[in-house]
Amino acid sequence: TRPYSEFALIDLLDAFASNDPVPGGGSAAALAGALGVSLLVMAASLPKSRTGAPEEATDLAEAAARLRPLRERLVELIDADSSAYRSVMAALKLPKATEQEQARRSEALQSALKEATDVPLDVMRSGQQALAGGGIVARNVYRGAARDVAMGIELLGASVRGAALSVDGHLSSLKDARYVERVSTERGQLSDDSGRDAALALDAVSGEPRSRP
C-alpha cells in the first residue's frame, strides 16, 4: 500500500472521505498534528523575531530543529494508525469454531489492540512535545505570524485530544490490567501537560491571559 505521505492532497482527502475504514480518526489526528507542527516550523524559520534580539533567533532556531523530527514522526503515524486498525480487523476475522481457534484469535486480537492503542498514544507524545516547543515559538515569534502560530497550537491541541479518544476507545477491550493502568496514567498526564502547554502558548502569542481548560 502506498504511504499516505505520497498522496496528492486531494487524493488524501478523498481517502479520508471514502467508506473504507482506513484512514480514520486516528490517522486524521496524526495529520492534524503534522500540519500544526508545520505552521510552527514556518513561523520559527522567519527572518524576523519578536523584537529582533539575537537570543530570540537562537531560541526559534533551536525550537524549529526540535519540531522537524516531530513532524516526520507524526507523518509516519498517519500510516501506522491505519496499519494497526487493519491488524485489528484481520484478528476479528480469524476463525473461532474451536477452543484452540478462539484462544488464538483472542491472543491475536489483544496484540492488535495494543498496537492500535500504542499508535495514538505516540501521537499524543509527539503532540505534547510539539506543544512544549510551540511555547518557545510563541514567546519569540514575529508578531506578524501570531495567527499562524495560534492555528498551529489549536491543530496540535485537536490532534492530542483526538488521539486520546482513540486510546480510550481501545482500553476498555484490553485484558492486560498492568498495560491498561500504565497507558491510562500516561494518557492522563499527556492530556494535562498538552492542555497546559497549549494555553500557555496561546497566552504568549496573543499577549492576553486565557482561561485554562
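This section describes the confidence, nonpolar core, surface patch and salt bridges of a predicted model.

The chain of this predicted model averages a pLDDT of 95, and 97% of the residues score at least 70. An exception to this level of confidence is the segment formed by residues 209–213, over which pLDDT stays under 50 and for which the model has nine contacts beyond four places in sequence.

The largest nonpolar core holds 56 residues, of which Leu67, Met124, Val137, Val149 and Ile153 touch the most other members. At least two residues of this core are supplied by each of the helices α2 (25–44), α3 (54–92), α4 (99–140), α5 (146–171) and α6 (177–206), and α4 gives the most, with 13 residues. The surroundings of Val137 illustrate the packing: when residues up to four places away in sequence are not counted, Val137 touches Leu40, Ala43, Ala44, Leu60, Ala63, Leu67 and Val149.

On the surface, Leu9, Ile10 and Leu13 form a nonpolar patch with about 320 Å² of accessible area together. Leu13 belongs to helix α1 (residues 9–17), and its relative accessible area of 44% places this residue in the partly exposed class.

A search of the whole structure finds nine salt bridges. In one of them, Asp176 is paired with Lys114, the closest N and O atoms being 2.8 Å apart; this pair links distant parts of the chain, since Asp176 lies in the loop between α5 and α6 whereas Lys114 lies in helix α4, 62 residues apart. Both partners are partly exposed, Asp176 at 31% relative accessibility and Lys114 with a relative accessible area of 25%. Gln110 is placed in helix α4 and is buried, because its relative accessible area of 14% falls under the 20% cut-off.

Within helix α4, Arg125 and Asp122 lie three residues apart, about one turn of the helix, and their side chains meet in a salt bridge of 4.0 Å, N to O. Asp122 is buried, with a relative accessible area of 16%, whereas Arg125, at 26% relative accessibility, counts as partly exposed. These two residues take part in a network of salt bridges that also links Arg73, Glu76 and Glu186. A further salt bridge joins the side chains of Asp197 and Arg196 (3.0 Å, N to O); here Asp197 is buried, with a relative accessible area of 11%, while Arg196 counts as partly exposed at 42% relative accessibility.

Conventions. Residues numbered from 1 in each chain as written. Predicted model: local features only at pLDDT ≥ 70, side-chain atom pairs only at ≥ 80, totals over all residues. Heavy atoms only, no water. pLDDT = per-residue confidence, 0-100. Contact = heavy atoms within 4.5 Å. Core = buried A, V, L, I, M, F, W, Y, C linked by side-chain atoms within 4.5 Å. Buried < 20%, exposed > 50% of the residue type's maximum accessible area, 1.4 Å probe, protein only. Helix = DSSP H or I, 4+ residues; strand = E, 2+ residues; numbered from the N terminus. Patch = residues over 30% accessible without salt bridge, like charges linked within 9 Å, V, L, I, M, F, W, Y side chains within 5 Å. Areas by Shrake-Rupley, 256 points an atom, 1.4 Å probe, with all protein chains shown as cover.
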